[in-house]
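User: Could you walk me through how to read the features of a structure like this one? I would like the general idea each time, and then the case at hand.

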Amino acid sequence: MSGLLDLVKPRRSLSRRKRADRLFAACGAGAVFLVVLWIGFLFASLLVRALPAMTAYEIALTVQLEPEQIPPDNPRRGNWRGVLAQAVADLLNAEAQTLDAELIPSERVAAKLLLSKGAAAELRSLVIKNPSWLGKTGTESARTVFLPVSDSLDQYAKGLLVPSTQDGALVSPKTAELFDQLRQAGVVQRKFAWRFFVRADSRFPALAGIAGAVKGSLLAIMVCLFLSFPVGVAAAVWFEDFAPEGRRTDLFRINVYNLAAVPSIIFGLLGLAVFLNFFSMPRGAPLVGGMVLALMTLPTVIVVSASALRAVPSNLREAALALGASRQEAILHHVLPYALPGILTGTIIGLARAFGETAPLLLIGMTAFLTSVPEGISSPATALPAQIFLWADQPERGFAARASAAIVALLIVLTLVNLAAILLREKMEKGRSR
Amino acid sequence: MTQTQTTATTEGADNEICLEARNLSVRYGKVQAVKDISLVVRARQVTALIGPSGCGKSTFLRAINRMNDLIPTCVVQGSVRLGETEIYDPAVEVEALRARIGMVFQKPNPFATSIYNNVAYGPRVQGLVRHRRETDERVEKSLRRAGLWDEVKDRLKESGTSLSGGQQQRLCIARAIAADPEVVLMDEPCSALDPIATARIEDLMDELRARYTIVIVTHSMQQAARVSKRTAFFLLGELVEEGATGEVFTNPQDERTLNYVTGRMG
């Protein structure tokens with residue numbers, strides 16, 4: 001009877017142990033809550049800051065592309081500023097009834113006040129892409145184009161800048177009022193900032209985009225993948241299947257494993273000293289960036305692949321060898337396919353780390369200011385994290401939002417890559433259930 | 001018992017020697033796993049190797065198809081002959097040797113591929129089949145001999161790992177005999193199986209011994225008594241006694257064998 005009571009009515013020490021148990025679980029749940037809160041805060045603040053970079057205010061201008069202003073045979077030498085000044089003056093004249101007369105600035109400064117500093121270059125590249133617009137006269141030479149408004153007005157319209165009469169203020173109340181009236185007249189419109197996704201870097205925030213950096217990053221990562229995956233897997237196979245046991249192999253192994261912990265900037269220094277200075281490879285090219293990142297990723301790939309190979313049941317290898325397969329056949333036909341999900345997961349995680357790496361790229365010059373999208377692996381390029389670094393360092397306010405937007409883009413790419421790694425592993429592991 | 005002995009002698013006349021180990025010793029580093037064993041295995045009959053765990057019977061089995069080569073610290077001394085061939089001759093290609101000596105393992109270990117590809121793997125790497133029809137024939141023949149054909153003929157494309165444990169082990173047997181070996185080594189083939197699957201494998205061995213020489217390592221003395229014609233008793237790396245199975249179990253010459261088979265030791 002007393003034995004039963006002992007079970008039904010637990011002794012005091014047991015209730016204390018149960019309380020400790022609950023506390024232990026609560027600590028774990030609390031830790032998870034903190035992590036989720038922190039990540040949520042990070043993402044939310046990034047998204048809020050990145051949002052302004054997703055839209056741009058643009059002004060509809062009718063430009064007169066007369067041959068005397070823009071020579072059709074050589075449009076690069078045209079008087080683009082003059083064309084724009086004229087177009088702005090025409091616009092203000094046309095809208096004279098809807099605008100307050102005292103707000104209208106003099107013709108000399110109107111274009112400068114309203115338009116982005118990059119508007120002339122933007123119009124020029126637009127026209128060069130459409131040569132049929134040129135060589136016409138009178139009303140036929142007129143074209144309506146959308147050009148970005150000045151950075152300060154863009155910021156003002158997004159509520160990031162307050163007009164002020166002080167000296168050195170970026171937007172005066174008068175200009176702000178004029179801008180609001182132009183908006184009401186429908187001449188200024190808020191548009192999706194497509195330039196951000198298709199353009200390379202620019203001195204002007206309104207024209208700067210991440211395409212150059214994304215392509216540079218992707219090219220470097222491809223080079224990194226093609227170097228580190230085969231070399232890393234081959235090294236892991238040697239370590240696991242062919243290396244003679246002994247002190248020398250252990251020394252190799254320890255060295256390789258230690259490389260995985262070397263700070264990435266050291267690999268950048270190595271790249272600078274060996275690839276650039278000794279082999280005279282092109283500075284700032286994705287080829288060199290990818291090689292440096294491959295050096296950095298290689299130890300990770302080797303370590304992960306070796307442990308994936310070690311996890312292959314030994315009876316699989318034995319089954320193949322007992323049938324008279326050679327070691328190479330046993331590895332290629334059975335061991336590697338079985339270990340592949342693990343190897344791929346490790347490689348993708350290593351690549352994701354390399355994708356977000358900035359330090360080694362700084363040293364080999366992949367942080368240059370480049371206004372065009374790189375063409376190939378040997379042309380100068382910049383990488384996405386380096387682009388973030390560059391923009392975060394700029395005084396113009398428009399770049400702050402772009403830096404945040406680039407961070408969001410980087411995080412999206414990384415999330416997709418990790419998701420792909422998880423799905424790939426699950427799919428392949430299903431195929432080998434035993 | 002006398003009957004067993006008589007059959008042994010009558011069949012013994014045409015019993016050519018298939019495998020012969022002479023003064024075979026195997027060391028793993030400093031540990032001597034097999035000590036100076038000489039044993040003759042006759043063709044087309046079942047020879048059982050029994051003994052307590054760690055007595056060297058699996059090591060001896062793996063010395064026959066040189067699976068011990070995979071262990072870097074393993075040193076083999078002495079000689080093993082397959083027919084006229086010394087298998088530890090440096091000129092012997094181990095891949096070719098293993099095509100003549102199939103092996104079935106303790107745990108069923110089919111490849112994570114289709115049933116068909118499991119069986120076809122050996123003949124393919126050995127270059128025994130040139131086109132699809134030859135492979136088809138060989139796969140069917142091997143599966144029939146392993147008693148699995150009727151159960152899997154409609155799902156040859158399904159994964160070998162989707163079969164039950166007993167079916168997997170019969171698939172492994174089909175795979176081991178697909179390259180037409182002379183010898184099939186079985187390393188405790190039933191220790192992971194239930195009694196019904198075990199009985200099927202034992203029946204299968206009875207059929208297979210018409211074509212193949214079978215050497216089986218087993219922990220079950222009943223199994224050894226049921227399936228084998230001759231039995232060898234190993235203890236601490238030494239061969240204590242070898243003889244006709246009935247003789248070894250009912251009238252052992254050595255006291256240690258008697259203790260083991262009567263359950264007083266092991």
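This is a predicted model: local features need pLDDT of at least 70, side-chain atom pairs count only at pLDDT 80 or more; totals for chains, interfaces and linings use all residues.

User: Which domains does the domain assignment of chain A give?

Analyst: Residues are numbered from 1 along each chain as its sequence is written, chains are lettered from A and ligands numbered from 1 in the order in which they are written, and side-chain values use heavy atoms, with hydrogens and water left out. Domain bounds come from an automatic or database domain assignment. For chain A, it gives domain 1 (56-193) and domain 2 (211-430). Taken over C-alpha atoms, the centres of domain 1 and domain 2 of chain A are separated by 47 Å.

User: Why is chain A described as more spread out than a compact globule?

Analyst: Start with the elements: helices (H or I, at least four residues) and strands (E, at least two) are DSSP runs, numbered from the N terminus. Chain A has 17 helices and 3 strands. Its radius of gyration is 31 Å, well over the 22 Å that the globule rule gives for 434 residues, so chain A is more spread out than a compact globule. That radius is taken over C-alpha atoms, and the rule is 2.2 Å times the number of residues to the power 0.38. Along the principal axes, the C-alpha atoms of chain A fill a box of roughly 100 × 70 × 40 Å. Buried residues make up 44% of the 434 residues in chain A, where buried means under 20% relative accessible area (1.4 Å probe, protein chains only).

User: In what order do the 3 strands of the chain A sheet come?

Analyst: Pairing comes first: two strands pair if DSSP finds at least two bridges between them. In chain A the open sheet has the order β2-β1-β3, with antiparallel pairing. β2 (142-148) and β3 (188-192) of chain A each have a single partner strand, so one side of each is left without a neighbour in the sheet. From one strand to the next, the twist averages 40 degrees. Strand β1 (residues 55-64) of chain A is joined to β2(A) by 7 bridges, and A:Q64 stands opposite A:A142 in β2(A).

User: What is the strand order of the open sheet in chain B?

Analyst: There, 6 strands follow the order β6-β7-β8-β3-β9-β10, and the pairing is mixed. The edge strands of chain B, each pairing on one side only, are β6 (101-104) and β10 (238-244). β6(B) pairs with strand β7 (residues 183-187) of chain B in the parallel sense over 4 bridges, and B:M103 has B:L185 as its bridge partner in β7(B). Helix α7 (residues 165-177) of chain B packs on this sheet, touching β6 and β7 of chain B, and its direction makes about 170 degrees with that of β6(B). For such packing, contact means heavy atoms within 4.5 Å. Angles run from 0 to 180 degrees between N-to-C directions, with axes fitted to C-alpha atoms, for helices over the stretch in contact.

User: Is β3(B) enclosed by the rest of the structure or open to the outside?

Analyst: 5 of the 5 residues of β3(B) are buried, so this strand is largely enclosed by the rest of the structure. B:V46, B:A48 and B:I50 point one way, while B:T47 and B:L49 point the other way. β3(B) pairs in the parallel sense with β8(B) over 4 bridges, where B:L49 has B:V217 as its bridge partner. β3(B) also pairs in the parallel sense with β9(B) over 4 bridges, and B:I50 stands opposite B:F233 in β9(B).

Definitions and conventions:
Buried means under 20% relative accessible area, exposed over 50%, partly exposed in between (1.4 Å probe, protein chains only).
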